[in-house]
Amino acid sequence: MIRNWEYGSMNIKNMTDELNLERVRSIKNTKRQAYNCGGYALENFAWYCPYTMEQDENDETPFYTSRNSNELVDKCVDHMVEEYKGNLRVIKNVKELKPNEYAIAFRASLENDDFHFAKLGRNGIWYHKRGSNQAIETMSKKELFGKSWCHGKYDSKLVLMAMKRKLNK
């Protein structure tokens, strides 16, 4: 779910294609503060949240309905796979990637009410972006596959996904 209205990022072009399936938005034509870790990893270059939130007084996100961080991750991953309809799939190992795919890693924290993404570059280096921070940072394989990310902030199980490089409608 794209939530740019909340973060003052309404200037993103082509929001009729929220998931950027047409690949109009890119790292070159979108201000870095306009997208978060999810927007960067999924390449929609918007403020992406891995769940749906109904706009009524009974907002129920996975953060309110999950019992632990691993359940939270499962709910978010199920939502993302459904939202990207055949363009995103869960994998167990990056060796499962097809030539037209790249790897995304995902973790969350129920305690911190937050989630985080990283993606594998063509050069074999893992990259991630923190919120509206403009910096694209690297993540070592040791940290990526370790017990948690970002100094223990994201403590759920790690889920790897494969995203098609050029999405088809």
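**Loop residues in a predicted model**

Me: Where is Leu97 found?
Reply: Leu97 sits in the loop between strand E1 (88–91) and strand E2 (101–109). Strands are DSSP runs of E with at least two residues, helices are runs of H or I with at least four, and both are numbered from the N terminus. This is a predicted model, where local features need pLDDT of at least 70, side-chain atom pairs count only at pLDDT 80 or more, and totals for chains, interfaces and linings use all residues. Residues are numbered from 1 along each chain as its sequence is written, and side-chain values use heavy atoms, with hydrogens and water left out.

Me: Why is Leu97 called partly exposed?
Reply: Its relative accessibility is 23%. Buried means under 20% relative accessible area, exposed over 50%, and partly exposed in between (1.4 Å probe, protein chains only). Therefore Leu97 counts as partly exposed.

Me: Which residues does Leu97 touch, not counting residues up to four places away in sequence?
Reply: Arg89, Ile91, Tyr102, Ala103 and Ala162. Contact means heavy atoms within 4.5 Å. Leu97 and Ala162 are 65 residues apart in sequence, yet their C-alpha atoms lie 6.3 Å apart.

Me: What makes Asn44 buried?
Reply: Its relative accessibility is 0%, so Asn44 counts as buried. Asn44 lies in the loop between helix H1 (37–41) and helix H2 (62–65).

Me: Why is His151 called exposed?
Reply: His151 has a relative accessible area of 82%, so it is exposed. His151 belongs to the loop between helix H4 (141–144) and strand E6 (159–164). Its phi is near 60°, a positive value in a residue other than glycine.
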